[in-house]
Protein chains: 2
Amino acid sequence: MNWTVSEHSFESDRITTNGNKYMTGNGYMGFRGVLEEYGKEQLTAVTLAGIYDRSGDKWREPVNAPNGLYTVISCDGEVLSVLETEPLAHTQSLDLRTAVHRRETVFSTREGGRLTLTAERFVSMDQLHVLAAKWTVHSTVDCRVEIKTGMDSRVWDINGPHLLEQRIQSVSGALLSTAVTGELRLPVAVAELAEFGLAERVTDTGTDNNMDIRMGVNTDTDPELALRHLSFDVKAGETYEWTKYVAVFTGLDAEGNPGEAALSTVRSAAGEGYAGLLEAHRRKWEERWSRSDCVIEGDEEAQLALRYSIYQLLIIAPTMSEKVSIPARGLSGQVYKGAVFWDTEMFMLPFFLHSDPGIARNLMMYRIHTLDGARRKAAEYGYTGAFYAWESQDSGDDACTLFNVNDVFTGRPMRTYFRDKQIHISADVVHGIWEYIKFTGDNSILADGGAEVIWECARFYYSYAYYNPLKKRYELLDVTGPDEYHERVNNNAFTNALVQEALEIALRAAELLEDNYPAVYAELAESFAGGPFLAEFTEMLEQLYVPQPDPDSLLIEQFDRYFKLEEVTLAELKSRVIHSHEYWGGGNGLATTTRILKQADVVLMLNLFKGKFSREVKQANWEFYEPRTEHGSSLSACIYALAAADIGIPDWGYPYFMRTATVDLTGESKQYVGDLYIGGTHPAANGGAWMAAVLGFAGVQYDGGTVTLNPALPKAWKSVQVPVVLRGSSFRLEIGREAIVVTAAPGNSEAVAFAGFGGAPELCLPGMELRIVVFWEEDL
Amino acid sequence: MNWTVSEHSFESDRITTNGNKYMTGNGYMGFRGVLEEYGKEQLTAVTLAGIYDRSGDKWREPVNAPNGLYTVISCDGEVLSVLETEPLAHTQSLDLRTAVHRRETVFSTREGGRLTLTAERFVSMDQLHVLAAKWTVHSTVDCRVEIKTGMDSRVWDINGPHLLEQRIQSVSGALLSTAVTGELRLPVAVAELAEFGLAERVTDTGTDNNMDIRMGVNTDTDPELALRHLSFDVKAGETYEWTKYVAVFTGLDAEGNPGEAALSTVRSAAGEGYAGLLEAHRRKWEERWSRSDCVIEGDEEAQLALRYSIYQLLIIAPTMSEKVSIPARGLSGQVYKGAVFWDTEMFMLPFFLHSDPGIARNLMMYRIHTLDGARRKAAEYGYTGAFYAWESQDSGDDACTLFNVNDVFTGRPMRTYFRDKQIHISADVVHGIWEYIKFTGDNSILADGGAEVIWECARFYYSYAYYNPLKKRYELLDVTGPDEYHERVNNNAFTNALVQEALEIALRAAELLEDNYPAVYAELAESFAGGPFLAEFTEMLEQLYVPQPDPDSLLIEQFDRYFKLEEVTLAELKSRVIHSHEYWGGGNGLATTTRILKQADVVLMLNLFKGKFSREVKQANWEFYEPRTEHGSSLSACIYALAAADIGIPDWGYPYFMRTATVDLTGESKQYVGDLYIGGTHPAANGGAWMAAVLGFAGVQYDGGTVTLNPALPKAWKSVQVPVVLRGSSFRLEIGREAIVVTAAPGNSEAVAFAGFGGAPELCLPGMELRIVVFWEEDL
């Protein structure tokens, strides 16, 4: 129970959101939650990780592969598709435990019967290039069924076409689609093999069902759609089943010919058979869940939403490559250019740090591999060091344009400052690398490029900063913080605090590298000797201005002169809206001149540095900023949930947690900014839901030495069980209101200290079960 | 000849522009070029200098006084007004030499005759509170004429009402309108006296013309309009004449009761009589012209336009007060809030410096008197020193709002950065004070507050500047330069160069003050001792970044990254316009993201510091920036004319000169920005026309020691005669292509050196005539 997401009717206006909700994937590719008869108009997409293309002067975006699972069924000459026929019954479901997508649809047939079509499929977590699917048909009356199935290369593109020189061949019974991308000329190959076990089944019943299979595919006349036609007589009460296998390869995947790799892989997959593939897939998922599933006792709704959030993270995490990270819309399509944002480090990384350090390392190595792109961006703007891309793709060059939103009133592109002013991105990367080291103790990442990234980011900030001679301090001017409705502000509290941390990390990384990898340190330090380097970092750190709480109000001003902006309620601001899609930020945006913020900004900073601020400060700022927050970004609600738990009022946070955890279940998120479609999945919110539950309500906090456990469970929650991996050792935490049980795996190599309910830390040795209880005052 | 502006038809669509074109005034008040029968709908206004009021939360703006000259004529019961009856003939004219406005209108009468109405009026340059007017009627047939004349207090206000507690009394034959302003409760009083000499004339002819005069004014029933009714029989062929006198006083004018002052002044004016008043007025104008009239030989059109430009400056110059300066729209109404901009220092002051140092001193003293307002503005933004108002009124507080323009697409106020980012205003003030000292040698202004202003401005810049530790230089970030289409830019070349000069002046002013007024210096220096003061100014000056010409292209980048903006032609940009009144600047303006500039910016800087740059640099920048300049401000064209003359290509500049010099003659200027009416006169353009002619084409340049004369006359110009006052001594310059004659007034106290055509300076002693001729190469 609580492992299944499903719905039991068909509604055409949910096609797009269901594409997100029922997504499957394995980090190599994402397969939107479409039905088999869907085409590009229904946003069918097999979105590939890490392969990008630019068509003409349009936005560069990820490449979608052809859909080898495309299938349309007819019965007695009538097409049975939810797009054309109202079904008698329809169920779409997703089994989160095994990541299998299913549909079952009942159509009425001409002869007054009911034909039931089922299909299930999975994107193999065991063989990352493989998709497998199985269909059945069953009819209450005799009828003749025709199957058209094959390769649909008419892919959905936002800014395509990306697949040029498309060709579909029939190779010894398999279909092979090949193409190359336009910009980098990377080959993309998809092979498909269908197995019509129908024949055997029919033979079993001893009747001749007039099977007619036409496999000839005329690739000359339609290079985009190649279909096998298969028709056969269906006998009432019998069930007919067939399977398909698809393999996807690109020029990024290895040496050799992707077409040949796809063909040989699809044949070998077919050889293993559907059941064998599924079992291997299931085992991989079992292992993933064993490391990540959080169990909430007492709140079924929250349980499903949290599990679903984790599922979404697992289907897009790059297990196979350190050159790929997670885009802001996961692998749910090309929205946001398939680009990687700060979302990864600040909202998703914590989950992987606690559950799968290998993936966490991949994510951070991606930043190391894209350092040159960040250097190019810094140089482009006249800075030294590394200014990471706001929207990062394969090379690390910034995919973000200067005109990200269209003005709905004039149709003109609107100059926004995402790309050039959200300088906190480099500090977010530094933060991520340091967190990785903290959780894993794996300093090798510093030698593998991490130190270089950290120092280049610090150099960037030194070159970006200005010194105020009168106030005798360094300032960070003309930036955009997390609240993107206020662009080009000075001394954004979040940004300055993050930069302060980045400078600290730069200095500490130098010590760590020198201690552990002296040769690497010596060589690198020499290349940085021209400066700015450690001396300048130290100087800037000592004099960097970071906005602090006002002694009276305890408020931290979001940026210089924020408090001078117009005070207006969110309701009042909404009443000023003229066009429902109008952008609230930018030069003339409704929120720009007011105190209304798009998303958590100061509160995000307080949560990141929760040890530095008193509960009173955190509460005062929560109470001030929350009513002024639009939550116009999916990155917002989870932070208010986290911060509410941190100040000990989890019930303030619970609605924000639920909003975060259900964003892709309900599909209730902002779909348009200006005239730009921004729908898709929300991995940052998924990560945020996990953070709110584990770091917030369960109160888990690891500082690299001790795990502090200060739970603040919402009313309905009895306990939360959380598996964590710290310094390579696995622990299971069972966190209740009055007792916490920590169980260390017997094979653990390290002991970790745990301190619960404000008590003293206790070491949890391998194989040990540690029980921590609330220390009630009356016990004294 | 060439002293008259006139037109010979009536066109209702020219009512507004003629209100500007035919304006009269004397620096105390402006009287728009309306006809006597016009009311507020025709923008009749008696705009008072230096008295401002705020009504409700609307923009603060100058106060218009009631119109004591309001008069409507009827003939045989039919109103004879151009607003109601198409006239048979109509002439409106302005005699520039004597500043007298005239109209002559011929109406057909019911009896088939022609009635000719004339009116002339002047705003006395001799008695600044007095207006006088004279009417005549003449008919070709006998008829009965009725005159309604009196006081129209229904004043035109943009953001009124400003005159509260209005009351009109009849006091012994005079009408007295009294009121108080709402905000400061300043009394405003206007007295009117009419003299109907008709009676005498009629008596002369020996007939009884049934005169019926009703003088009773019922002020209870209409406090806004008080009219005398006078009717009489007109005999064919006879001319009937009457006169009126008006006196205007406010609470700013002196002690005592403004109402009583107005009454006694109007009675005394009537006692002197129209002819006597006119003669005194004419003599004052003669004297003004003798000091300022420039004579162009060979170009009648340019001559009239230049003279007209000078006229416009003379009618608005504050001769009577050092607490008043010249608003950007002169005294032509309430447009731009009657506020004083940088226009005064940078575009008008040069004319007064050369022709009337007393007025120049008044203008600069105005800035000294408003220093506290500038200090308040600096403090408001967290700076030290003095940040002068972008739109300055009586107190020096900034009248400029943060939302200066409405978005035509949404109707919403648009955040603009005129107020908070055009920091060059303080340097403009410093520049003006220093120019005053250079021209007059009058250091006393430093002791009278000038030094304090200069230092406070320098302190402001020190507190505004940031130090770039990597580039080791001070920078001026987040400013708006003259080109207001590009707001919030870094290191605007114009701004940085002006600030550099301001810092230099701050240091030199310290020397000058210490040498000449050691006690004042000692006291002031002590008050500034806490710093930033001279040490900081020196440090900043030495390290201030001022953008320089690129060694290859010779171009100076207008601001950081200007060259990265979209390259687009002006024509292409215009083709993108959707709404004719849309604002090109601001957050989403059409020009904002392109290289198109509103007005001269780099070229203005090159012209201000012409000695610092080579001819090649100036030409390269002229050629680059001119095609990219919209000339969307009336401050632009004159600068391109000046710079063209400076590089020796006057014919490039001539069209810009003519455009500048005729702006108020043709009325062809931008009338709307967003939905904001910005029409009115253009004193900065008027001053710019004078600058282009004298400093540009005539090539007059005074550095405080020597006058350099490098004429570059446009094709048609044979010579230019220019009177100048330097260091209190008067000279007449006759500048031709091959010879220059300098004539020093016999009463001069000082000799000044003149160097023409690149030759060596020669001293011109009192009473001397100096002849300088071109030194041709073949003479060698």
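**Notebook: a predicted two-chain model**

I started with a sheet in chain B: four strands make an open sheet in the order S26-S27-S31-S32, with mixed pairing. Strands here are DSSP runs of E with at least two residues, helices are runs of H or I with at least four, and both are numbered from the N terminus. Two strands count as paired if DSSP finds at least two bridges between them.

Before going on, I noted that this is a predicted model, where local features need pLDDT of at least 70, side-chain atom pairs count only at pLDDT 80 or more, and totals for chains, interfaces and linings use all residues. Residues are numbered from 1 along each chain as its sequence is written, while chains are lettered from A and ligands numbered from 1 in the order in which they are written.

Which strands sit at the edges? I found S26 (700–702) and S32 (762–764) of chain B there, each pairing on one side only. From one strand to the next, the twist averages 30°. I then looked at S27 (706–709) and S31 (752–756) of chain B, which run in the parallel sense and share four bridges. Thr708(B) has Ala755(B) in S31(B) as its bridge partner.

**Another sheet in chain B**

I looked up a second open sheet, ordered S2-S3-S4-S5 in chain B, and its pairing is antiparallel. S2 (24–25) and S5 (61–65) of chain B are the edge strands with a single partner each, so one side of each has no neighbour in the sheet. S3 (29–31) and S4 (46–53) of chain B are joined by three bridges in the antiparallel sense. Across from Met29(B), I found Leu48(B) in S4(B).

**Two helices side by side**

For packed helices, one gives the angle between the axes and the distance between them. I took H17 (637–646) and H20 (683–697) of chain B: the angle is about 0° and the axes are 9 Å apart. (Axes are lines fitted to C-alpha atoms, for helices over the stretch in contact, and angles run from 0 to 180 degrees between N-to-C directions.) H17(B) and H20(B) are therefore roughly parallel. (That label is for angles under 35 degrees; over 145 is roughly antiparallel, 65 to 115 roughly perpendicular, and the rest oblique.)

Who makes the contact? On H17(B) the residues include Ala641(B) and Leu642(B), and on H20(B) they include Gly688(B), Met691(B) and Phe697(B). (Contact means that C-beta atoms, placed from the backbone, lie within 7 Å.) By class, I noted ten nonpolar, two polar and one charged residues in the contact of H17(B) with H20(B). (Nonpolar covers Ala, Val, Leu, Ile, Met, Phe, Trp, Tyr, Cys and Pro; charged covers Asp, Glu, Lys and Arg; the others, Gly among them, are polar.)

**Where the chains touch**

How many residues does each chain bring to the contact? I noted 22 from chain B and 22 from chain A. On the side of chain B that touches chain A, H10 (444–464) and S22 (466–468) of chain B each supply at least two residues. The largest share of that side, three residues, comes from S22(B). That side of chain B divides into ten nonpolar, eight polar and four charged residues.

**Chain A overall**

I found 20 helices and 33 strands in chain A. Its radius of gyration is 27 Å, close to the 28 Å that the globule rule gives for 780 residues, so chain A is as compact as a globular protein of that length. (The radius is taken over C-alpha atoms, and the rule is 2.2 Å times the number of residues to the power 0.38.) Along its principal axes, the C-alpha trace of chain A spans about 90 × 65 × 60 Å.

I checked the peptide bond from Gly531(A) to Pro532(A): cis, with omega near -5°. Pro532(A) is in the loop between H12 (518–527) and H13 (534–543) of chain A.

Methods:
Contact = placed C-beta atoms within 7 Å.
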